[in-house]
Amino acid sequence: MNILASYNWIKEYLDTDLSAEVFAAKTTAIGNSVEMIENVADRFENMVVGDVVKLEVHPNADKLKIALTDIGGKKVRVVCGGENLEEGQKVVVGLPGAKVRWHGEGDLIELKESEIRGEKSHGMICAASEIGFEKLPQEETDIWDISALTDAKAGTPIAKALGLDDILFDIEATTNRPDCKSIVGQAREGVAVTGAKFEAEPPRPAFGKGNGGFTVDVKDKALCPRYTAVVIDGVTVGPSPWWLQKRLLLSGHRPINNIVDVTNYVLHEFGQPLHTFDADKLAGEKIVVRKAKKGEKMVALDGEEYELTPDMLVVADSKKPVAVAGVMGGLPTGTTEETTKVVIECAAFDSVSVRRTSRALNLYSDSQLLFEKGLSTEALDAAMARAIELIIEVAGGVVVSDLIDERAGKYKTLSFPFDPEVVNQLIGIEIETKEQTTILESLGFEMKGKEVVVPYWRDNDIEASVDLTEEIARVYGYENLPSILPEGALANMSENVSLVWQRRVKDLLAGAGLVEVYSYAFISVQQLERYSLPTKDAVKLRNPLSKDHEYMRPSLVPSMLTVIEENQARDGAGDLFEFAPVYHAKKGDIPDQPYGLLLASYGQDGAAGFVRAKGMLERLFDQVGINNWDLARDADETLWHAGRSASVIVDGKSVGVIGQVRNSVAKAFGLDVSVVLVDLDIESLIPQFTQNKSYTEIPQFQEVKRDLAFVVPERTEFAAVREAALAVSELETTLDLFDVYRGKGVDDDKKSLAIHMTFRSDERTLGAAEVDEELSKIRGVLVKKFGAIMRS
């Protein structure tokens, strides 16, 4: 998470005269990585204040005007289409050479003196969005009238006229340091690297008496350990002064109105979220922090309505939720121009509760980002005081209540044992004890005897004494630690057998010409239904990316068929595979996630596709050492073709299925091509994989080869033919199918098979008569058992 931090703003809390570059280098060295330094004034080079002296109608364009504009020392003619342009206005004039974004969009373009519809234009009168302030509320066709923002003379550089002479840092704040996602947090870190004094005198607002007519009731103090509120009456809601808007704009926030702007200002300054309610819109003059009720809904500040669940913490009035605690306030109770009385909320909420609620609602905000990292209950006082001070300054009003403060219990400071010798042992060098304590004190830690007291803003970060060592090391400077190469032998790393075989299998399949598929682990309810997978058995996501990603896939098949459907028009045939986990629901626990392997051959004729897929399976098993396998015709015919599907059996156990996808399933997925799949439970097979090779002695006697072609009924399985032929002959060693023919000369209900056979004896060289005798036996069994008709 990053923060845009103004150096001028940081220096309001840090008494330093270091240059921006030196400060950035020093704070980066201790862990606050400055990723960018921007001189803000550079954005506005060649932009000056212009006074609109006179307006003329453009002779060749109804919607354009010619503005005679004083830019200091001379008057120039500028063609402009701004609908709100008037004589006497102070405007931003971009002179030739200035860089702007046309209507706030696209890349920067450099202005040049040009001719527009036949009239010369010396530069451009700019809208706020065109010079980087697109978050200012403004009509698209309006120019930026800065008359109320500055009294600078014509020709004054805009950076000077609007106080934009500042340095902006883009700093990465690590997730364990939400305190650094604030100006004050960056200033505190700056103390350690600069040795400068931390300037922070908290405001002391004058509170009223009593509760201002409002009560606060925290029902769930585990999820809301502290809730503070103040009532301010007599406020005037309107635009914020420029100095406040400017700070927000440079920090990446959108100015809304002075009340809301103050809460965003304090959020950025102190890293503590706040929220303001229109007091007159809170029913019953009551605030209740409770769990949402089943079926409750709320329209948030983003204008969307959200349905809440009983595990979500909300801030409510006497009737309804008015904010999702720690995430976002409600629109109906927000401040508007009619608001005259406000309730300021400054609270601490449980980080896990905020994170879960935010993810469940798919609702995010700057406040939620900080709360879910963990904030201290003791950060509230300074932020509330600062908010009160600023609201009274920019919106007027009077504090009519005391600080309403509901907390779960007394705050207990964290402290840990501190031993300088242990610190030196862990870091590996000798650092004087005084220097160690000085470093810790510069970071806000307090030394109490042999213990160190942790400052409240590090409550959720410092967890043990060893963390103090890290603090000392990073400020002392990692660059000051000696560089010493480690000695000794490296420990042997044990291989993860599963991962090794995953890589090998992928390499084998890619080498065989298959293309690997990477698809989402998420699928839709429609994909489950198309493949007859019950949704009740699938793992459903609480916060899906979209309706197409509501479930974790229990099978690779729906994803693969979707991929083929998306690619069939571009590539009508292909061989694919995916090696990835599938997800099976497990009651009361995270899902089981076994790996699956899916091979696919599509675009071939059904029978040819099956043979091709079987060949892919044979090649894979041969390469990984699986020999004792077979096919059994017991595949689910509701999903697979009745005649072109089988279970894959290894050592007598079913480990998958091979088959052509049934037409009804293919149609449901929008497939126009035939698809044959091999779906394997690869995780159960990996323990049997081996690279060991067995040695077979070279035969002493020559083998004899014969081919045989014959016609059998269409439904005859080759596996049965092979088993019968091998059983009848003791001399036959191999039998392989090399051709299947259907067509001219063969009846429609029959097919022609052609086989290679090899004969060999371990005792002698076979003669032709012996081989012919064996062939005769084989023909006989094929005729008798399968009704085969021999072909010449």
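**Close-up 1. Who sits around Arg177 in this predicted model.** Leaving out residues up to four places away in sequence, Arg177 touches Met1, Glu189, Arg458, Asp461 and Arg474. Look for Arg177 in the loop that links strand E12 (167-172) to helix H4 (183-194). Buried or exposed? Arg177 has a relative accessible area of 7%, and it counts as buried because the cut-off is under 20%.

**Close-up 2. The polar contacts of the Arg177 side chain.** One goes to the side chain of Asp179, at 2.7 Å. Another goes to the side chain of Glu189, at 2.9 Å. Glu189 also turns up in the list of residues that Arg177 touches.

**Close-up 3. An open sheet of four strands.** The strands line up as E39-E40-E38-E41, with antiparallel pairing. Strands E39 (732-741) and E41 (789-791) sit at the edges, each pairing on one side only. On average, neighbouring strands here are turned by 30° against each other, direction ignored.

**Close-up 4. Zooming in on E39 and E40.** These two strands run antiparallel and are joined by eight bridges, with E40 covering residues 750-759. Which residue in E40 is the bridge partner of Asp736? That would be His756.

Methods:
Residues numbered from 1 in each chain as written. Predicted model: local features only at pLDDT ≥ 70, side-chain atom pairs only at ≥ 80, totals over all residues. Heavy atoms only, no water. Pairing = 2+ DSSP bridges. Axes fitted to C-alpha atoms, helices over the stretch in contact; angles between N-to-C directions. Buried < 20%, exposed > 50% of the residue type's maximum accessible area, 1.4 Å probe, protein only. Polar contact = N/O pair within 3.5 Å; in protein donor to acceptor, adjacent residues only side chain to side chain. Contact = heavy atoms within 4.5 Å.
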